[in-house]
Amino acid sequence: KKDLNLFLNFSNNFNDNFEEIYTINLYCLLNITNLQISAVNLGLLQGIFSLLLLSAPLEKRFGCYNSQINLHPYDKITEINKNSSALEKVWKNKVFSFNYLCLQYYMKTKLNNKQLHNLIDRNIYINSKDSLKFGIIDKILI
């Protein structure tokens, strides 16, 4: 088996409307490979990019002392149909990616449903100590 170390520091400041779908695809790929993955939050993980931290198994997720994580806010779910505009389709893809993100955090951390939605609704930045407490990371690197 080969090792793959992910050093992460992202925010949602990209112009590409499909970065969330690309990130979910990368996350799925990392979860089906036969690689030994470890992930380190170097600074800020915001929105869907925080999902990449969860691609590493337990005991292989780390955060730097001053690192932070922020989940993007939830909005109303709507349906995609053939008459949807391109903007509506992008918006609905973002809603899908948000729901996928919540599911992964619920399954792979110590966050319960109420805590998860509280963090999202209030747009809270989680520091490394809270990330450790909630089971998002396993160790804080100094």
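## Around helix H3

Let's start where H3 begins: a side-chain oxygen of asparagine 112 comes to within 3.1 Å of the backbone nitrogen of lysine 114. Keep in mind that this is a predicted model.

The helix itself covers residues 113–121, and Leu116, Leu119 and Ile120 are its buried residues. Look down the axis of H3 and these buried residues fall within an arc of 95°, so they line one face of the helix. After H3 comes asparagine 123, which has a positive phi, near 55°.

## A nonpolar patch on the surface

Over on the surface, Leu26, Leu29 and Ile32 make up a nonpolar patch, and together they have about 310 Å² of accessible area. Leucine 26 belongs to helix H1, which takes in residues 19–32. How exposed is leucine 26? Its relative accessibility is 39%, so leucine 26 counts as partly exposed.

## The chain as a whole

Zooming out, the chain has 4 helices and 6 strands. Read from the N terminus, the order of elements is β-α-β-β-β-α-α-β-α-β.

The chain has 142 residues, and 41% of them are buried.

Note on methods:
Residues numbered from 1 in each chain as written. Predicted model: local features only at pLDDT ≥ 70, side-chain atom pairs only at ≥ 80, totals over all residues. Heavy atoms only, no water. Patch = residues over 30% accessible without salt bridge, like charges linked within 9 Å, V, L, I, M, F, W, Y side chains within 5 Å. Areas by Shrake-Rupley, 256 points an atom, 1.4 Å probe, with all protein chains shown as cover. Salt bridge = Lys/Arg side-chain N within 4 Å of Asp/Glu carboxyl O. Helix = DSSP H or I, 4+ residues; strand = E, 2+ residues; numbered from the N terminus. Buried < 20%, exposed > 50% of the residue type's maximum accessible area, 1.4 Å probe, protein only. Arc of directions from axis to C-beta. Polar contact = N/O pair within 3.5 Å; in protein donor to acceptor, adjacent residues only side chain to side chain.
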